[in-house]
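Work through the exercises below with the sequence and the structure open. Try each task before reading its solution.

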Amino acid sequence: VWLGLVYESKDKMSEALKTLQEKIGSAPDGSFGPNTAKKICDHYALNPERGSHFLGQLVHESGTFRYTEENLNYSKESILGVFGKYFKSESDAESCARNPQALADRVYGDRMGNSGQGYLWRGRGFLQCTGKNNYSQFATDMDLPEVLKDPDLVATKYPMESAIWFFHRNKLWEICDEGVNDEVIKTITKRVNGGYNGLKHRKEETNKIYGWLT
């Protein structure tokens, strides 16, 4: 489940959209607009309803396709705000402040099949595939065994494919087919986010993209 975490710098990750544009045959200008949206839908065989819901969620979750890797370089205050339940006190959180590997190993280490390797299996991709169990399922379903040897591939080579897999795995395409309206957007947001963070923005983006696609 995506938690709305902090990412790496925009400068480093701004190449993600250009890479995607090259893959789908769109001009690699790093700008997301109607042409790129249509090219994505053509390339991945998404109808306007599926495409608008999918891309609307991705725009919000990935900072308009700028970010493909979770950055856990948190201050003590941020750690307590996001991961408070994993820490007994402020002094307890201090040991993980500005220490991404320590933080990931602490909050992800013994969950989701990670076996203490939380940092290795941290969130990657446009919808933040997190945890060894999810990486393993993605690798199996998509016939990409190399992902388990090099999980960074989800960030560098398969950020879009991992997001599409998430929608398929969680049966979100069928929900998309119910139409583009506030209730459907809310339902999909809950499945993607685990809550309704950024719901207003997700609605705005989904409706805007639906206009582009139709």
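**Exercise 1. Find which residue caps the N-terminal end of α4, and through which atoms.**

Solution. Step 1: the cap is N47. Step 2: a side-chain oxygen of N47 lies 3.2 Å from the backbone nitrogen of E49.

The model is predicted: local features need pLDDT of at least 70, side-chain atom pairs count only at pLDDT 80 or more, and totals for chains, interfaces and linings use all residues. Residues are numbered from 1 along each chain as its sequence is written, and side-chain values use heavy atoms, with hydrogens and water left out.

**Exercise 2. Describe α4: what is its span, how many of its residues are buried, and what do they pack against?**

Solution. Step 1: helices (H or I, at least four residues) and strands (E, at least two) are DSSP runs, numbered from the N terminus. Step 2: α4 has 15 residues and reaches 20 Å from its first C-alpha to its last, close to the expected 21 Å. The expected span is 1.5 Å times one less than the number of residues. Step 3: buried means under 20% relative accessible area, exposed over 50%, and partly exposed in between (1.4 Å probe, protein chains only). By this rule 11 of the 15 residues of α4 are buried, so the helix is largely enclosed by the rest of the structure. Among them are H53, F54, L55 and E61. Step 4: the buried residues of α4 pack against α3, α11 (159-169), α12 (172-176), α13 and α14, where contact means heavy atoms within 4.5 Å. Step 5: after α4 comes G63, whose phi is positive, near 65°.

**Exercise 3. Where do the buried residues of α14 fall when seen down its axis, and what covers them?**

Solution. Step 1: α14 covers residues 199-213, and its 15 residues reach 21 Å from first C-alpha to last, close to the expected 21 Å. Step 2: its buried residues are L199, R202, E205, T206, I209 and L213. Seen down the axis of α14, they fall within an arc of 125°, so they line one face of the helix. The arc is that of the directions from the helix axis to the C-beta atoms. Step 4: the cover over the buried residues of α14 includes α3 (34-43), α4 (48-62) and α13 (182-193).

**Exercise 4. Which residues of α8 are buried, and which elements are included in their cover?**

Solution. Step 1: the buried residues are Y135, F138 and A139. They fall within an arc of 100° seen down the axis of α8, so they line one face of the helix. Step 2: their cover includes α9 (146-149), α10 (153-156) and α11. Step 3: just after α8, D143 takes a positive phi of about 55°.

**Exercise 5. Are N114 and R124 buried or exposed?**

Solution. Step 1: N114 is found in the loop between α7 (100-107) and α8 (132-141), and R124 lies in the loop between α7 and α8. Step 2: N114 is buried, with a relative accessible area of 1%; R124 is buried, with 2%. Step 3: leaving aside neighbours within four places in sequence, N114 is in contact with residues including Y108, W121 and K132.

**Exercise 6. How does the chain's radius of gyration compare with that of a compact globule?**

Solution. Step 1: the chain has 14 helices and 0 strands. Step 2: for 214 residues a compact globule would have a radius of gyration near 17 Å, and the chain has 17 Å, which agrees. The radius is taken over C-alpha atoms, and the globule rule is 2.2 Å times the number of residues to the power 0.38. Step 3: the C-alpha trace spans about 55 × 35 × 30 Å along its principal axes. Step 4: of the 214 residues, 48% count as buried.

Definitions and conventions: Polar contact = N/O pair within 3.5 Å; in protein donor to acceptor, adjacent residues only side chain to side chain.
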